[in-house]
Amino acid sequence: MFDAILEAAVEEAGEGGVGAFASDADTASIGVLQARGFEPDGRRLSQWQRRPEDGPLPTVPLADGYRIRGLRGPEEFAERVALHRAAFPSSRLTVDKYARLPTVPHYRFEDDLVVEAADGTLAAYALTWYDGDGRVGELEPVGTHPDHQRRGLSRAVVTAGVARLFERGARVVQVYSDAAEAPAEALYAAAGFRRYAGHQRYSNRPTAATTS
């Protein structure tokens with residue numbers, strides 16, 4: 001199945017190249033990638049997990065003037081996208097793309113958590129996802145506006161998101177971070193997550209992927 005998906009992706013990408021992540025322990029997928037000429041391109045992800053039995057969540061007081069809430073609706077998509085792009089300047093996310101989210105299974109406005117500043121603007125966010133069949137929660141993505149960093153907002157909204165997912169019945173909550181991003185790695189460790197696995201990115205254009 002993975003080989004068929006990979007073949008379709010390569011065909012669709014044409015000269016653009018394809019990248020795919022594989023867990024370090026997933027020797028079967030790594031074998032499929034290598035057989036198709038994929039090579040490690042240098043990027044790695046950390047997979048973090050948090051379970052209810054790991055103990056109580058840390059208490060994270062929210063800085064004065066901020067509050068955590070769910071996204072109100074489509075009327076906030078433009079500001080939500082602007083917040084994401086401020087947190088991740090290289091992102092190509094657009095309002096049109098974000099507007100498709102309500103059609104995606106498991107997306108709910110109340111799970112699209114944001115931190116609102118005293119002036120009503122959005123300062124940070126953590127989009128939470130919950131699969132009730134597998135009882136698995138995920139945080140993706142998480143970010144803070146540069147003007148509001150170093151105030152503990154990401155940690156506060158992440159902790160709030162995990163608490164909500166546990167309340168809904170999640171047996172495990174996970175999140176991925178770029179292994180090269182020390183602040184993100186520190187954030188999830190401080191929020192009580194443990195590093196579950198490492199994932200290497202493989203590319204059929206390894207030189208281009210490394211320099212992009």
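Predicted model: local features only at pLDDT ≥ 70, side-chain atom pairs only at ≥ 80, totals over all residues.

Residues are numbered from 1 along each chain as its sequence is written, and side-chain values use heavy atoms, with hydrogens and water left out.

**Stop 1: a helix**

Select residues 2-13. This is helix α1, with 12 residues. Helices (H or I, at least four residues) and strands (E, at least two) are DSSP runs, numbered from the N terminus. From first C-alpha to last, α1 reaches 16 Å, close to the 16 Å expected at 1.5 Å a residue. The expected span is 1.5 Å times one less than the number of residues.

**Stop 2**

Show the strands. An open sheet holds 8 of them, in the order β1-β8-β2-β7-β6-β5-β4-β3, with mixed pairing. Two strands pair if DSSP finds at least two bridges between them. At the edges are β1 (19-23) and β3 (67-70), each pairing on one side only. Neighbouring strands are turned by 30 degrees against each other on average, direction ignored.

Select β2 (residues 39-50). With β8 (residues 194-203), β2 pairs in the antiparallel sense over 8 bridges. Glutamate 39 stands opposite serine 203, and tryptophan 48 opposite arginine 195. β2 also pairs with β7, again antiparallel, over 6 bridges. There, glutamine 47 has tyrosine 176 as its bridge partner.

Next, select helix α6 (residues 182-190), which packs on the sheet and touches β2, β6 (136-144), β7 (172-178) and β8. Contact means heavy atoms within 4.5 Å. The direction of α6 makes about 160 degrees with that of β7. Axes are lines fitted to C-alpha atoms, for helices over the stretch in contact, and angles run from 0 to 180 degrees between N-to-C directions.

**Stop 3: two backbone details**

Select arginine 135, in the loop between β5 (122-131) and β6. Its phi is near 55 degrees, a positive value in a residue other than glycine. Then go to proline 141, in strand β6. The peptide bond from glutamate 140 to proline 141 is cis, with omega near 0 degrees.

**Stop 4: the largest pocket**

Which residues lie nearest the centre of the largest pocket? Select Ala87, Phe88, Val142, Glu181 and Ala184, out of 33 lining residues. β6 gives the most to this lining, with 7 residues. A pocket is an open set of points on a 1 Å grid over the protein atoms alone, where a 1.4 Å probe fits, with protein on both sides within 12 Å along at least five of seven lines; lining residues have an atom within 4 Å of a point.
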